[in-house]
Each structure stands twice: as structure tokens, then as C-alpha cells.
Amino acid sequence: MPAPEADPRFNEFVILQAQNAGLFLGQIPNPHTGEKDINLRAAKSVIDSLEMLEQKTQGNLTATEYSLLKMALNNLRPLFEDAAGS
């Protein structure tokens, strides 16, 4: 089985989704208001989507892509738990 090929769009997508989750978790100020708002439902949706992506792409990512996705999830999960008061 050939090694997966890197696709720069994948990294950009994961980074964009992680930034969106950060925005929804109040880690990044809203660019329109400057306020830090929390939207747990939206944050959970983004995290769930990244988890689904992780499952569906198993074995099809380069080491760098896998590492980026894993790092994003490892950073977002505890932030979500903190914001949710878990």
C-alpha cells in the first residue's frame, strides 16, 4: 500500500476548524464584536466533526497531517470541558 500523499488543503481545513472551535469556546475574540463569546453547541459540533474526520481518515493521512489533527483535538477537548464546567 503506497504512503499517503500530503494535501495542504487538509492542514488548512484542520487549522480553520480548530480556530472556529477556539472562537466558539471563547478563546478567540469575535472579530465583529471584539467580545469573547461561548457557544458550546457550535464548539461541540466542530469537535465532533474533527473526531469523525480522524476516524474516517485513519491510515490515509501523512504523519504531519495526523499529528496536526491529533494536536487540535488534544487541545480542544480540555478547553471544551472547562467551558462546559465538566
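Setting aside neighbours within four places in sequence, Thr62 is in contact with Pro4, Glu5 and Ala6. Thr62 lies in the loop between H2 and H3. The model is predicted.

**Thr62**
- Thr62 has a relative accessible area of 15%. Buried means under 20%, so Thr62 counts as buried.

**Helix H3**
- H3 spans residues 63–84, 22 residues in total.
- From first C-alpha to last, H3 reaches 31 Å, close to the 32 Å expected at 1.5 Å a residue.
- After H3 comes Gly85, with a positive phi near 75 degrees.

- The buried residues of H3 are Glu65, Leu68, Leu69, Ala72, Leu73, Leu76 and Phe80.
- Viewed down the H3 axis, these buried residues fall within an arc of 130 degrees, so they line one face of the helix.
- An α-helix has 3.6 residues a turn, so residues three or four places apart point the same way.
- Ala63, Thr64 and Asp82 are exposed on the other side of H3.
- The cover over the buried residues of H3 includes helix H1 (8–24) and helix H2 (40–56).

**H2 against H3**
- The axes of H2 and H3 come within 10 Å and cross at roughly 150 degrees.
- That angle is over 145 degrees, so H2 is roughly antiparallel to H3.
- The crossing of H2 past H3 is left-handed.
- On the H2 side, the residues that meet H3 include Leu40, Ala43, Ile47 and Leu50.
- On the H3 side, the residues that meet H2 include Leu69, Leu73, Leu76 and Phe80.

Conventions:
Residues are numbered from 1 along each chain as its sequence is written. This is a predicted model: local features need pLDDT of at least 70, side-chain atom pairs count only at pLDDT 80 or more; totals for chains, interfaces and linings use all residues. Side-chain values use heavy atoms; hydrogens and water are left out. Helices (H or I, at least four residues) and strands (E, at least two) are DSSP runs, numbered from the N terminus. The expected span of a helix is 1.5 Å times one less than its number of residues. Buried means under 20% relative accessible area, exposed over 50%, partly exposed in between (1.4 Å probe, protein chains only). The arc is that of the directions from the helix axis to the C-beta atoms. Contact means heavy atoms within 4.5 Å. Axes are lines fitted to C-alpha atoms, for helices over the stretch in contact, and angles run from 0 to 180 degrees between N-to-C directions. Angles under 35 degrees count as roughly parallel, over 145 as roughly antiparallel, 65 to 115 as roughly perpendicular and the rest as oblique. A crossing is left-handed if the near helix is turned anticlockwise from the far one by less than a right angle, and right-handed if clockwise.
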